[in-house]
Amino acid sequence: MNFSSKSLLTGFFLVFLTLSQSTFAQTEPETFTAKNAIYLEVGGSSGRYAVNYSKIFHQKGKLKLNGSAGFSMWRDKLNSKTTWLPVIPLEVTAFYGKSNHHLEMGFGVTSYLGRTLERISGTFEFREIVVYDAFIPLRVGYRYQKPEGGFFFRVGYTPIIDFPPRTGGNWSFNPYHAGISFGKSF
């Protein structure tokens, strides 16, 4: 092997090593410094709408675990009387991705108060009662959140499993539900 062949081979080897290091090196995903978010959600785990607070409570590599709680008031009309009743959506999600774009999956429980009519035994009269009710929202969607904070956005498919804990009704599944959220992470 002559000098020019050795130099060419050595040069090729050095270029290959340099390119392979930059191409195949595992870059550590960014650590989220903005672990909190406040946002408005329409649809989604709230059912209708809610103002939510969320916090990333665990992060390792590209995986982050997040918990959120919200508050809403639903208008309920029964016997031409309108009442506003509280709603509390709670949710745990995992989101996976690097930088700003993530796949998000999770589930929660949304509890709320509702009103219904109850027949008074022995008579044909009804009385209005307030009942506790709840449903389980599931989530698969997209989440846009910068590691350093700022604008926050997510959209997701959120089917609902409805279970009547105290009303004696039947479980049901609503596959036609979605949600969108806008807010700020900090």
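Analyst: A salt bridge here is a side-chain nitrogen of Lys or Arg within 4 Å of a carboxyl oxygen of Asp or Glu. The model is predicted. By that criterion, a search of the whole structure finds six salt bridges.

Side chains of opposite charge can pair when their charged atoms come close. A network of such bridges links Glu 41, Glu 91, Glu 104, Arg 139, Arg 143 and Arg 154.

Glu 41 and Arg 154 form a salt bridge in which the closest N and O atoms are 3.3 Å apart. This pair joins distant parts of the chain: Glu 41 lies in strand E1 (residues 36-43) and Arg 154 in strand E7 (residues 150-157), 113 residues apart. Glu 41 counts as buried because its relative accessibility is 0%, and Arg 154 counts as buried because its value is 1%; the cut-off for buried is under 20%.

Arg 154 also meets Glu 91 in a salt bridge, at 3.2 Å from N to O. Here too distant parts of the chain are linked, with Arg 154 in strand E7 and Glu 91 in strand E4 (residues 81-96), 63 residues apart. Glu 91 has a relative accessible area of 4%, so it is buried.

A further salt bridge pairs the side chains of Arg 154 and Glu 104, at 3.1 Å from N to O. Glu 104 belongs to strand E5 (residues 101-119), and the two residues, 50 apart, again connect distant parts of the chain. Both Arg 154 and Glu 104 are buried.

Note on methods: Residues are numbered from 1 along each chain as its sequence is written. This is a predicted model: local features need pLDDT of at least 70, side-chain atom pairs count only at pLDDT 80 or more; totals for chains, interfaces and linings use all residues. Side-chain values use heavy atoms; hydrogens and water are left out. Helices (H or I, at least four residues) and strands (E, at least two) are DSSP runs, numbered from the N terminus. Buried means under 20% relative accessible area, exposed over 50%, partly exposed in between (1.4 Å probe, protein chains only).
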